[in-house]
Amino acid sequence: APQGLPVDVVEMKKQTLKNELSITGTILPNEVVDLRPEVSGLVTRISFKEGQYVTKGAPLLYLNDDELQAQYQRLQYTQKLFESQENRQKQLLAREAISQEEYDIVLNQYNTTLSDLKLVEAQIEKTVIRAPFNGVLGLRQVSEGSVIGTGDVIATVVNMDPIKIEFSIPERYSNMVKLGSTVFFTNESSDQVFEGIVYAYEPQIDAATRTLRLRAEAPNKDRQFLPGMFVRINYVLNEIDNALMVPAESVIPELQGYKVFVVGEGNKAQERTVEIGTRTENQVQIVSGLEEGDLVLATGVLQARTGTDLQINKLN
């Protein structure tokens, strides 16, 4: 007896379809800044080590403040003088021994001195460079004894927990972006799959690349990821429940649409016109034309014709 056409078939079962994109991205720090002094001065002390973890507000470098301290001390003496004068003038004004104008002159001198004190305090505070946020210090660029200006970089502070993952998707998927959606990413340094959450995207399409730029956030407590690293990303755009999926090789394009071959009565090939939906890397969603339980040809579709005898090998 003649043998039928040997084919592999898949049984239609409803499943959850994850519409996702495979793209590449870059790791960004949560925060990063180049430390620079607000005023010029002589470096008198450096209180940090390269690569050290620092907390927000920790003093890192001190500039010479001898002149400012002298100004501050002089203003303190002046403040005490005007404070005592203001108290005496207030008592005289209460007995109407002086005019209101005379009292106002002394009071103004006292308040002006207080303002000058606050100004010098602010200048002294600028001679101490502090960590702007929690993070890891980079390589030191200055030494004790050097005179630095406002344009000189002391070191870089990087906050890398959490990290940010920046990537771009084609503009045709821009209307499917949802804040809070999940991305899965891997790096060459590890086979482990990590998760991130999309928290922001650029509110415009890049005219040069026709893409939309997004950013996701992920924890990085072990500092496994460093800023600048390259990552591979699977971005889940949406999920479709109860989807019927066939291998991409099963779908045959026609002028009127698409068709597939199914196993009919007597193990004979039978054509079905179908309507397709979402495509993945190796599968196609069938929106209409097939039902759960149908056996669809995965191989031999080019040799099959309606009524062709089939020798079936059912795939899992």
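Colleague: How many bridges join S8 to S10, and which way do they run?

Modeller: Two bridges join strand S8 (residues 135-137) to strand S10 (residues 156-159), and the two run antiparallel. Val-136 has Val-158 in S10 as its bridge partner. Strands here are DSSP runs of E with at least two residues, helices are runs of H or I with at least four, and both are numbered from the N terminus. Two strands pair if DSSP finds at least two bridges between them.

Colleague: Before we go on, what is this model, and what are the ground rules?

Modeller: It is a predicted model: local features need pLDDT of at least 70, side-chain atom pairs count only at pLDDT 80 or more, and totals for chains, interfaces and linings use all residues. Residues are numbered from 1 along each chain as its sequence is written, and side-chain values use heavy atoms, with hydrogens and water left out.

Colleague: OK. Which sheet holds S8 and S10?

Modeller: An open sheet of four strands, in the order S3-S10-S8-S5, with antiparallel pairing. Strand S3 (31-34) and strand S5 (53-54) are the edge strands, and each pairs on one side only. Four bridges join S3 to S10. In that pair, Glu-31 has Asn-159 in S10 as its bridge partner.

Colleague: What is the strand order in the sheet with S4?

Modeller: S7-S6-S4-S9, an open sheet of four strands, paired antiparallel. Strand S7 (128-130) and strand S9 (147-148) stand at the edges with a single partner strand each, so one side of each has no neighbour in the sheet. S4 (residues 41-46) is joined to S9 by two bridges. Leu-42 stands opposite Val-147 in S9.

Colleague: What about S14? Which strands have bridges to it?

Modeller: S11 (residues 163-170) has eight bridges to S14, antiparallel. S13 (residues 190-201) has four, also antiparallel. Ile-169 faces Leu-212 in S14, and Tyr-201 faces Leu-214 in S14.

Colleague: Switching to helices. At what angle do H1 and H2 pack?

Modeller: About 155 degrees, with the axes of H1 (residues 66-94) and H2 (residues 100-125) 9 Å apart. That makes H1 roughly antiparallel to H2. Angles over 145 degrees count as roughly antiparallel, under 35 as roughly parallel, 65 to 115 as roughly perpendicular, and the rest as oblique. Axes are lines fitted to C-alpha atoms, for helices over the stretch in contact, and angles run from 0 to 180 degrees between N-to-C directions.

Colleague: Which residues other than glycine have a positive phi?

Modeller: Glu-96 is one of them, with phi near 60 degrees. Glu-96 is in the loop between H1 and H2, and counts as exposed at 70% relative accessibility. Asn-242 has a positive phi of about 55 degrees. Asn-242 lies in strand S15 and is exposed, at 55%.

Technical notes:
Buried < 20%, exposed > 50% of the residue type's maximum accessible area, 1.4 Å probe, protein only.
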